[in-house]
Amino acid sequence: MSQPPPPPSQPPAGSSPEPDKSAGGAGAPGQQEPAQPPQPPQPPQAPPGGGFGAPPQPPAGGGYGYPQQPPPGGGFGAPPQPPAGGGYGYPQQPPQGGGYGYGYPQQPGQPGQPFGQGQPFGQGPGMYPTAPPGGPYGPGAPGGGSGNGKVIAIVAAAVAAVLAVVTIGFFLVHENGKTEAEGDKKTGTTDGGGGKPASTEGKELFKIASPKLTDEETASVTGAWATDRIFAKSTLDGIVGIDAARGKQAWKIPLDGQVCAASRHSTDDGKTAVVVAETRSSRAECNQMVVIDLNEGKKLWQEKMPNSERATTLGMNMSISKNVVAAKWIGGSVAYKLTGGGPLWKSEGSGGTGGCEDEGFAGGEELMAVVQCGSYSEPKLKVQKLDPKTGEASWEFDVPKGVQSARIISTDPVVIGVSAGTSSTTDVMTVGDDEKLKAKISLGDRKYDPGCGTDVESCASAVVDDDYVYLPSARHQGDSSSTNEIIAFDIDTGRPKWKSDAGEQRTIVPVRMDGDKLIAYKKPTYDAGGQIVAVDPAAQGKQELYMRNPDDSAQVENNFAGVTLREPPLYVNGRLFLHQTLLSKRSTGSYGKYLGIGFGAK
């Protein structure tokens, strides 16, 4: 297959001014107040209809989170016509006898009471409807079947900041490297322990001021990590580390250019990896692999990735697992030991094996990949577990026909979010060790939201343990205001088993597992800080308050809370960290004034 023209260049990575100590932490002075668009509305003086969390008015023409108007004549993204009697991937009829869903008859929701006894969420395996012909990736569509069209589709998704769920890349061929990973020290990917705070009364530990943008209108600042001691955040010209207990900058690692991609994971000894542009030029290639030590604030090594000509942030993805970091971009992929050395394995855009291509990687307990085969109008997707040392698949699940995209929620146990017939996630699937589908959780008309974005490893509001898949419900009207719940779905059957309520004026999102407890974040109201709670699965969702953030931080916290479903909160060692990944000169007000904020016990 021929190579398409290079993707458009990225915006330049600017320089970060000196830290602004008056801003309450490390970073640059916020003379100009860049932000991640869109800017949230100012909170009302009195909470109409229950205050913060009430459903906003939809923008003209719809928008993310709102029902979309179908394009004329249908096309990709238009709601497909359901087959007679429903079908796999379409919203199911409410089960007989009721079942959970704020649009369905309610079953008693008190702890200890299971949900409806009717048919399970997750009927047996079946076939999804394919995307309607004539859409952007259908027969006869502009750019359909050409490399040009694929790149244009990615650019359109990135510019519009829409959760388009078809990640496009060039065919990649794995080439096993000759470097052996002998004598590796096994390094787990645990991302730190959660821990219970010393007090339920929290305080603001620090704020990291956003750097002032110069020429560029927007800038990516992807990457945030936490260890027991350090909260680390990428900025325009490097990565800063904050001593979380003291609330002061502990170190700063300068980088050659902007961070193009960042692993969501860190090892249990505080190592992580990023891909960095080779210079701060807007035309710089994203070709530098960098591994850092978060606890010590050191760059451990840096290496130019092979076959990375014209690599940009578009289509770039990376993750780490079992002491190996793997990165993928449009045109190639590579894997290294975190301890350094030559590539373990690599690939380049030269046609692919059997007409298949890598979509991207997910890490943690296992290293996994989503692989696409076939045409873009009727893709065939596979999810693979890889041997990190060779890149070879040791396990493979064939995603049902008709699915347009797959996102990996958990690598152990294997749980994926899929999209069929629409651009949003329609179902969550659990897969067994036998490489077969165990259960399907149908999300209906966005009644539950795993928070999946364009990246293979981007489902920010779904958490998994050995027994349950935890998903937040959509906001809906409660007794006096909007609210939502966390729903625990049985991992083997897909049935909803119990729920844990946010409470009036609150919305709740799962964050992580901490031992046998689910840590969840209750977003702030317009005049009260957010909360961290521990949800006990053994007690059918009973909550224990871990920490209550101060009320005078509610306004700043709300600025982050509006985006944390796409970039999940971090909770490590009894501390909560919120962060953002995009800066913009076009926004005004306090939204985006800070890159990150931390809370801990008084």
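Let's start with the aromatic rings of this predicted model: counting rings whose centres lie within 6.5 Å as pairs, the chain has 9 aromatic pairs. Some of these pairings join up, and Phe206, Phe231 and Phe577 are linked by ring pairs into a cluster. If you want to look at such pairs yourself, keep in mind that a pair of aromatic rings is described by the distance of the centres and the angle of the planes.

Rings also meet charges here. Elsewhere, Lys385 lies over the face of Trp395, and here the distance to the ring centre is 5.2 Å.

Now step back to the whole chain. You will find 37 strands and 2 helices. Of the 602 residues, 56% count as buried. The accessible surface comes to about 23900 Å², with 49% of that belonging to carbon and sulfur atoms. Among contacts between residues at least 6 apart in sequence, 59% join residues at least 24 apart.

From there, let's go inside. In soluble globular proteins, nonpolar side chains tend to be buried together. The largest nonpolar core in this model has 21 residues, and those with the most contacts inside it include Ala273, Met289, Met318 and Val325. Strands 8, 9, 10, 12, 13 and 14 each give two or more residues to this core, and strand 13 (324–329) gives the most, with 3 residues.

How values were computed
Residues are numbered from 1 along each chain as its sequence is written. This is a predicted model: local features need pLDDT of at least 70, side-chain atom pairs count only at pLDDT 80 or more; totals for chains, interfaces and linings use all residues. Side-chain values use heavy atoms; hydrogens and water are left out. Rings of Phe, Tyr and Trp (its six-membered ring) pair if their centres lie within 6.5 Å; planes under 30 degrees apart count as stacked, over 60 as edge-to-face and the rest as tilted. A charge sits over a ring if NZ of Lys or CZ of Arg is within 6 Å of the ring centre and within 35 degrees of the ring normal. Helices (H or I, at least four residues) and strands (E, at least two) are DSSP runs, numbered from the N terminus. Buried means under 20% relative accessible area, exposed over 50%, partly exposed in between (1.4 Å probe, protein chains only). Contact means heavy atoms within 4.5 Å. Accessible areas come from the Shrake-Rupley method with a 1.4 Å probe; for residues, only the protein chains shown count as cover. A nonpolar core is a set of buried Ala, Val, Leu, Ile, Met, Phe, Trp, Tyr and Cys residues joined through side-chain atoms within 4.5 Å.
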